[in-house]
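The questions below ask what lies behind some of the terms used for a protein model. Each reply sets a value beside its cut-off.

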Amino acid sequence: MSVPKERPTARVLAMLELLQDRPGIGGGDLARRLGVSERTVRRYAAQLVDLGIPVTAERGRYGGYWLPPAFRLPPLALTDGEAAAVVLGLLGGSPHGLPHSTAESALAKINRVLPEAVADRVTALRDTFASAPPAAQAAAPDPRTALDLATAARDRRRVRITYQSWRGETSARDLDPYGLVLHGGRWYVTGLDSRRSAIRVFRVDRVRSVQPAADPRAAPPPPGHDPAAHLGEALGEVAGRHRVRVLLHTTLDQVARRVPPAAATLVQTAEGILLDTRAERFDTMAGYLAGLGCPLTVHYPDELRDALARLSDRLASWAARTREP
């Protein structure tokens, strides 16, 4: 557990959480986890006692800090509806960009401090909740990275990020973040990229580190800038005139690797993967589908079938060509 040095109150609360999770934890272990000295740990313990939290300390080789076994924090003041909203948000977020382990630990902590009657109903909701997976494989970002980027966007601060591209190449750049967007099971951040001098989009799960930039002054976003709208444009999410539905006879894992979340909706069925999208030109869509490299069945429109047949004829004629002697 790591808490910024400039936030002593957060460190005191972090110590309280450690005492609840690890009764009898030693002063040295507390100091290492909080990033402070053992003398500061003793001061934090005194502050908790002043707040009415009965922390006790036992000296010696097997000593440590304790809370009474029956001690509980005051119940969290949430109504049934508010508790349901929080839990639904956590449960619904797990398959859409929120790490499952993080959601589970947060639910457990919330349940511990809810009034018994509300906690029982929340448990029923958790135990009976089911969710279909997103169309493409969700990519959960590091929660701390997301928080750092969101804070920088709110405070209009420039940050230095290390970013790994889809090719696996790592680069460093200064970024003026403007906002975070959840789309297709993935988190994105938009902002002014110093390397390109242009507003760009980055996947948050590919951001390897976030540090303050040498010059923290960030350029303000253009008037009327909408991060979600910019993301749609960057991903090429421009609706074509024609709706297309095709059944791909392959696995969801294979399709998700080649079809971006913004390009189409993918649904697992008993027969295969149902792809819904839109197209401006049928010949272009025919080439795109052929490039997926799997058998397919066109549900509609008929014009797409014709375009695939024409493409097949062209490929066959090219394959039949022989080199002139």
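**Terms and values**

Arg-158 is placed in strand E3, residues 157-164; strands (E, at least two residues) and helices (H or I, at least four) are DSSP runs numbered from the N terminus. This is a predicted model, in which local features need pLDDT of at least 70 and side-chain atom pairs count only at pLDDT 80 or more, while totals for chains, interfaces and linings use all residues. Residues are numbered from 1 along each chain as its sequence is written, and side-chain values use heavy atoms, with hydrogens and water left out.

Q: What makes the link between the side chains of Arg-158 and Asp-176 a polar contact?
A: The two side chains are joined at 2.6 Å. A polar contact is a pair of N or O atoms within 3.5 Å; within protein, one must be able to donate a hydrogen and the other to accept it, and residues adjacent in sequence count only if both atoms are side-chain atoms. Leaving aside neighbours within four places in sequence, Arg-158 has contacts (heavy atoms within 4.5 Å) that include Asp-174, Pro-212 and Arg-217.

Q: Why are H1 and H2 called oblique to each other?
A: Helix H1 (residues 8-21) and helix H2 (residues 27-34) pack at an angle of about 130 degrees, with axes 11 Å apart. Axes are lines fitted to C-alpha atoms, for helices over the stretch in contact, and angles run from 0 to 180 degrees between N-to-C directions. Angles under 35 degrees count as roughly parallel, over 145 as roughly antiparallel, 65 to 115 as roughly perpendicular and the rest as oblique. H1 and H2 are therefore oblique.

Q: Which residues of H1 and H2 meet?
A: Arg-11, Ala-14, Met-15, Leu-18 and Leu-19 of H1 meet Leu-30, Arg-33 and Leu-34 of H2. By class, this contact has 6 nonpolar, no polar and 2 charged residues. Ala, Val, Leu, Ile, Met, Phe, Trp, Tyr, Cys and Pro count as nonpolar, Asp, Glu, Lys and Arg as charged, and the others, Gly among them, as polar.

Q: How is Arg-156 classed, and why?
A: Its relative accessible area is 37%, so Arg-156 is partly exposed. Arg-156 is in the loop between helix H7 (143-155) and E3.

Note on methods. Buried means under 20% relative accessible area, exposed over 50%, partly exposed in between (1.4 Å probe, protein chains only).
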